[in-house]
Amino acid sequence: MTVKIQNLALIVSCAALTAVAACSTTGTSPSAPTEAADMQGVATLDVVVTAEIAEGEVRLSLFRGAEAYDGGPMTGGAILDVSSGTATASFQGLQPGRYAIRAFHDLNGNGTMDTNALGIPSEPYAFSNNARGNFGPAKFEAAAFTVTSGANTHRMNIR
Amino acid sequence: MNRRDFMVSTVAMAAMAAISPARAQEPFGAFGKAWRSAPDQGYPKRGMKLLSGIIPNDLSGTYFLNGPANHDRGGERNEHWFDGDGMIHAFRFGRGTPTHEGRFIETSKRKAEIEAGRFLYPVFDTMPKNPAPVMSSNDVNAANISVVERGGELWALWEGGSPTAINPNDLSTKGVVPISNDLVCTPFSAHPRIDRSGTMWGYGFDSFGGRAILSEIAPDGSLRRFNLIRNLPRSMVHDFISTEKHLILGCAPFWLTQFEPMPWLDRFRWQPNEARVYVVIDKETLTEVRRYETPAAFQFHHFDGFEEKDGTIRFAACSYPDASWVQTEARAVMDGVPYTGTREAHFERITLRPDGRVDVEADGQSAEFPVGDPRFVNTPTMQWNVGRARDEGRLNHSLIARKPDGEIAVQWNGPDDTFLGEHVAIPRANGGGYLIGVQFDTTLGRSLLSLFDGQNVGRGPLALWQLPDSIPAALHGTWVASA
């Protein structure tokens with residue numbers, strides 16, 4: 001008989017949405033310093049993004065601290081050509097601290113993260129640490145990573 | 001409340017206890033053969049053995065059937081009938097011996113799990129060990145409930161995500177059908193309604209948000225329009241009803257109340273003191289026009305509906321007293337335990353009147369898998385269902401023809417050990433039609449295919465074939481006539 005039922009679909013659901021929406025803001029230049037260097041130390045950060053679909057652009061936004069991540073200003077942004085499958089965004093002049101990233105894969109090049117009629121992202125999206133959300137974007141605590149003075153590298157996947 | 005609190009069937013309880021603590025890897029006995037996994041390579045095309053009767057010479061086309069067919073991988077076994085990967089079966093009729101073949105739908109879920117050698121994703125009622133992240137409904141789409149023809153392709157339908165396109169000639173998988181940018185990865189019911197013009201009326205139910213996407217889809221598979229309606233009960237809604245002018249969503253009081261990660265079925269709780277709500281939607285605007293409240297009962301399926309001149313809407317439901325069948329009995333079959341009659345669905349005639357009154361009348365007869373002749377959709381006409389002669393019977397072994405008013409016209413009772421699946425209508429050129437479907441011989445563990453005269457089901461099968469293999473119990477199918 002029948003069955004089933006499942007809207008498992010929505011498991012993922014609305015989850016990501018609002019959050020990633022922040023990424024829709026087009027990023028600034030990948031290497032532009034966005035904050036004055038802290039005299040206590042200056043950091044650089046390379047974010048290496050691996051895209052399952054090797055085409056189009058990935059747009060990512062970098063946030064320092066939970067408040068910024070949850071709706072405040074981004075520290076920096078990047079638009080990455082991922083036609084080779086992997087691309088790197090380099091940020092310089094960062095204050096050491098806890099950072100997190102929201103990203104989406106702009107497959108159709110319209111500059112925004114597309115959603116379906118239920119508001120669920122219909123383009124791939126990701127958070128730093130490859131963190132996942134539950135009915136919403138990944139929490140800052142799950143996506144956060146530490147940037148220390150000097151050179152830092154963070155790797156993330158988008159699918 | 002834990003799901004096991006719902007385990008009210010003593011038969012099921014005894015069986016579960018017997019195998020405690022670990023679930024058996026293979027169901028027991030001949031009945032359990034219907035819940036074994038099909039071979040990964042599927043079933044090659046082979047002739048079916050005619051056991052009795054004759055093959056009508058005007059039978060030319062293919063009966064396509066979908067159902068969960070893989071229940072085991074990497075030492076884990078699914079908990080529920082509705083968890084398994086979908087397989088499309090084709091029963092082809094034309095010149096020569098009728099044939100059967102079956103092929104798994106190559107969903108991304110299935111491909112990933114074969115590569116991993118284990119189950120990766122949460123499904124209807126099973127959470128695998130160390131589940132993989134779910135990023136979209138495509139990751140968990142089992143495509144395992146029904147199949148319809150659209151634009152020269154088959155669409156294998158699940159319920160929580162997009163259709164999957166299948167080549168009807170070799171049953172190969174073409175890929176996910178996004179339908180449109182707005183509908184991509186949204187839920188899409190396994191039970192769209194197709195009207196006499198060939199237009200498909202679909203819906204996708206968002207139980208998390210109490211929302212539904214109503215859609216109108218052309219015969220070529222393109223989306224004509226859709227609308228999102230809100231403020232619906234957070235119910236599990238498996239099918240809907242159509243009339244000439246309206247679509248009706250039946251929202252049983254089986255509500256999604258659990259939001260943390262878990263199998264789909266576990267998210268729902270039965271609400272015995274809440275109403276079952278029928279929401280009437282205008283086909284012209286795809287907006288809600290009226291709601292009716294009826295006593296609590298759970299449905300997977302409704303019969304086709306029609307509308308009278310004064311706006312009165314009439315249809316029938318296959319109503320379960322509550323949700324315990326899907327929570328308990330459809331799990332017990334995975335251990336080879338047949339479900340008992342008392343919690344089966346029963347026929348219920350429902351009348352929605354334009355002044356807001358609603359009548360619900362039950363006749364006490366078991367009823368599931370309602371079907372109609374596609375030429376007479378939305379008109380008062382004969383419809384059919386499977387059922388059983390006695391509630392204490394353990395299997396659906398009856399095929400029942402019902403008059404336009406719902407009264408039983410004819411009932412055929414098969415042997416007690418026969419388990420009848422859905423039988424779909426095959427229109428005949430000169431009027432009338434056949435019914436075709438699979439039955440399972442639970443004594444010998446054989447899968448059979450039966451063909452009935454829809455106007456005279458009482459005489460029993462016109463023809464009965466044995467399949468080359470015993471196939472897993474399937475769900476819904478469709479007949480596609482030869483071009």
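What share of the contacts in chain A with a separation of 6 or more comes from residues 24 or more positions apart? Such residues account for 77% of them, two residues being in contact if their C-beta atoms, placed from the backbone, lie within 7 Å.

The model is predicted, and local features need pLDDT of at least 70, side-chain atom pairs count only at pLDDT 80 or more, and totals for chains, interfaces and linings use all residues. Residues are numbered from 1 along each chain as its sequence is written, while chains are lettered from A and ligands numbered from 1 in the order in which they are written.

Select chain A. It contains four helices and eight strands (DSSP runs numbered from the N terminus: helices are H or I, at least four residues; strands are E, at least two). Along the sequence their pattern is α-α-β-β-α-β-β-β-β-α-β-β.

The average is 80, and 75% of the residues score at least 70. Next, select residues 1-39 of chain A, where the pLDDT is below 50. Where pLDDT is low, the predicted coordinates should not be read in detail.

Now turn to chain B. An open sheet of five strands there has the order S2-S34-S33-S32-S31, with antiparallel pairing; two strands pair if DSSP finds at least two bridges between them. Strands S2 (49-53) and S31 (418-427) of chain B stand at the edges with a single partner strand each, so one side of each lacks a neighbour in the sheet.

Finally, select S2(B) and strand S34 (residues 463-466) of chain B, which are antiparallel and joined by four bridges. Here Ser52(B) stands opposite Leu464(B).

Terms used: pLDDT = per-residue confidence, 0-100.
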